[in-house]
Each structure stands twice: as structure tokens, then as C-alpha cells.
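Please read the following with the sequence and the model at hand.

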Amino acid sequence: MKRACVIGWPIKHSRSPLIHRAWLKHYGIDGSYDRQAVEPDHVETFLTSLESLGLVGCNVTVPHKEKAFEVADVKDAAACAVGAANTLWLENGALHATNTDTYGFMAYLTHKAPQWKPSDGHVVVLGAGGASRAILHGLLESGQSCIRLINRSAARANQVRTHFGAQIEVVPWSARNAAMTDAGLVINTTSVGMNGEGSPDVDLGLVADDAIVSDIVYTPLETAFLRAAKARELQTVDGLGMLLHQAVPAFETWFGVRPTVTDALYQTVADDIGRE
């Protein structure tokens with residue numbers, strides 16, 4: 001039996017087991033996928049002990065993604081571009097790392113809003129953490145040339161700009177609402193709004209009439225930020241789709257089958273979130 005897991009601190013909120021177990025059952029694979037709560041001080045020990053723990057690999061969620069990147073022996077281009085890893089596996093005795101968040105976000109954006117193109121006005125990204133880096137990488141790879149990055153900490157935003165280059169324009173927090181003018185795509189990559197607590201302090205009144213608004217938070221499925229976008233009759237992209245799609249390459253890496261994200265699986269996870 002092949003065994004994998006997801007680690008984080010805390011970890012009980014993770015829906016990854018629900019996703020991977022559904023695929024294991026659907027494809028008739030003899031495998032397992034569990035949650036493992038790992039304290040920050042123990043991450044390196046855990047990751048370097050995967051083989052002795054009987055694991056073929058693991059997913060990594062907050063706050064361990066940057067540490068996982070550091071610990072890995074082999075880092076692929078996606079992980080290096082983001083500077084963080086969310087998927088690890090053992091291969092020929094070495095610990096390999098990638099970041100599938102980029103794939104997850106871009107795959108769901110393409111599915112949910114196929115009309116969006118990189119040339120459709122500028123993009124506004126809220127937040128400058130690991131998820132922001134993954135999404136910025138995907139946007140730049142897609143050909144987006146104008147991205148406005150807004151973060152409360154200007155120093156952190158400037159670090160991200162240094163990492164990615166001049167295509168990233170850092171906008172001061174005090175000018176955040178003006179930066180929304182005619183935006184074609186606005187993405188909240190922060191955790192603000194999780195568990196229904198708060199909303200990014202920005203005004204969507206100036207974005208383009210056909211703008212797309214995305215929030216990577218998926219608990220709740222419809223955040224206050226997305227409700228504000230719907231009140232303006234803007235198209236929205238929720239965070240659950242990104243979670244589902246980022247799991248696809250990880251599952252394939254560990255279990256040898258590339259799974260499909262179906263409407264039924266989306267609804268299963270959405271229903272579970274709704275029961276909270």
C-alpha cells in the first residue's frame with residue numbers, strides 16, 4: 001500500500017484527505033492519505049523521515065511551505081519560481097519538491113472563466129505571501145504583463161517584486177482603491193475572510209464592468225469579498241477549485257494515475273465545508 005499525507009500546523013481544517021481518498025476509491029488504488037499535525041520545529045525531521053515513516057510523499061500547507069522548499073534535495077522549476085513547496089515525494093532516495101498551487105489556480109481560472117486573457121486589462125493581486133507568489137508565477141507565465149501588487153507590508157511586497165521583476169508594480173496600501181481602476185482581474189491571496197472573519201479592505205467599485213474577482217479562501221465557499229463582487233454583478237472564482245486542481249499533479253506523482261476533477265467531487269467537498 002502506498003501512503004501519503006498532508007502536514008501543517010494546524011491541520012484539522014484540511015480537505016485534502018477528502019479529495020485524495022475519493023480518488024483512491026474511484027480508481028481502485030490500494031493507498032491511503034491522512035492528515036499529520038507537525039509543529040514548525042519538527043518539520044525538517046518529519047520530511048527527512050518520510051521513508052522510515054512508510055510514506056511515498058506528502059502535501060505541505062501553512063506554515064511549512066518555505067521550510068519544505070529549503071529541506072528538499074531536488075527542487076523543480078515551479079518550486080524555485082515560487083520559493084516554496086507544497087508537494088514532496090521520494091525518488092531514488094532523494095526528497096523532491098514542486099509547487100502545484102500555480103497549476104491549481106490557473107487551471108481553475110481557465111475552467112471557470114475561459115474568456116479571460118492576459119491582455120484583458122491589468123491584474124490586481126492582494127497579498128504577498130506564498131500563495132501570492134504561486135499565482136504571480138502563473139500569471140506571468142501566461143503572458144500577463146501588468147500586475148499591481150498590494151500588501152499592507154510594503155517591504156514584503158517589494159521582496160516579491162525583486163523576485164519576479166519589473167512586471168510587478170507595488171502599490172502602497174494607501175493607494176489600494178485607486179489601483180482597482182479598470183482592473184480586469186482581482187485576486188485575494190490573503191487569508192482575510194477565512195471562517196467568515198473580515199474582508200479585504202478594498203473598494204471594487206472602480207474595476208472594469210466585466211472584471212473577474214477571485215478569492216483563494218474556501219472556508220466559507222462564498223466569502224464577503226466574493227459577495228461584494230456579486231453585488232456588482234461581477235463574475236467570481238472561488239477558492240475551492242484551486243484546492244481541487246492543485247491536488248491533481250500530486251496524486252499522479254504518488255499513485256501513478258492522473259485524476260479528474262469532477263462536478264461531483266467539487267460538490268462533495270463543498271457540502272463538507274457547508275456543514276461547518
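This is a predicted model: local features need pLDDT of at least 70, side-chain atom pairs count only at pLDDT 80 or more; totals for chains, interfaces and linings use all residues.

Residues are numbered from 1 along each chain as its sequence is written, and side-chain values use heavy atoms, with hydrogens and water left out.

Rolling a probe the size of a water molecule over the atoms shows where empty space is left. On a 1 Å grid over the protein atoms alone, a cavity is a set of points where a 1.4 Å probe fits but cannot get out; a pocket is an open set with protein on both sides within 12 Å along at least five of seven lines; lining residues have an atom within 4 Å of a point. Grid points are joined across faces, edges and corners, and a volume is the space filled by probe spheres set on the points.

The largest pocket has a volume of about 1100 Å³. Its lining has 40 residues, and Thr61, Val62, Lys65, Met194 and Ile216 are the ones nearest its centre. Helices (H or I, at least four residues) and strands (E, at least two) are DSSP runs, numbered from the N terminus. At least two lining residues come from each of β3, α3, α6 (130-142) and α9, and α9 has the largest share, three residues. By type, the pocket lining holds 14 nonpolar, 19 polar and seven charged residues. Here Ala, Val, Leu, Ile, Met, Phe, Trp, Tyr, Cys and Pro count as nonpolar, Asp, Glu, Lys and Arg as charged, and the others, Gly among them, as polar.

Two or more lining residues come from each of α5 (101-112) and β11 (212-215), and α5 gives the most, three. The cavity lining is made up of six nonpolar, two polar and two charged residues.

How far apart are the end C-alpha atoms of α5? They are 16 Å apart, which agrees with the 16 Å that its twelve residues should span at 1.5 Å a residue; the expected span is 1.5 Å times one less than the number of residues. Buried residues (under 20% relative accessible area; exposed is over 50%, partly exposed in between; 1.4 Å probe, protein chains only) in α5 include Phe105, Tyr108 and Leu109.

A nonpolar core is a set of buried Ala, Val, Leu, Ile, Met, Phe, Trp, Tyr and Cys residues joined through side-chain atoms within 4.5 Å. In the largest core, of 50 residues, Leu109, Leu139 and Leu240 touch the most other members. Helix α9 (residues 240-255) supplies its largest share, ten residues. A second, separate core has 19 residues, including Cys5 and Phe69.

Most residues other than glycine have a negative phi, and most peptide bonds are trans. The bond from Val62 to Pro63 is cis, with omega near 5 degrees; Pro63 is in the loop between β3 (57-60) and α3 (65-71). The bond from Thr219 to Pro220 is also cis, with omega near 10 degrees. Asn92, which is not a glycine, has a positive phi of about 55 degrees and counts as exposed because its relative accessibility is 80%.
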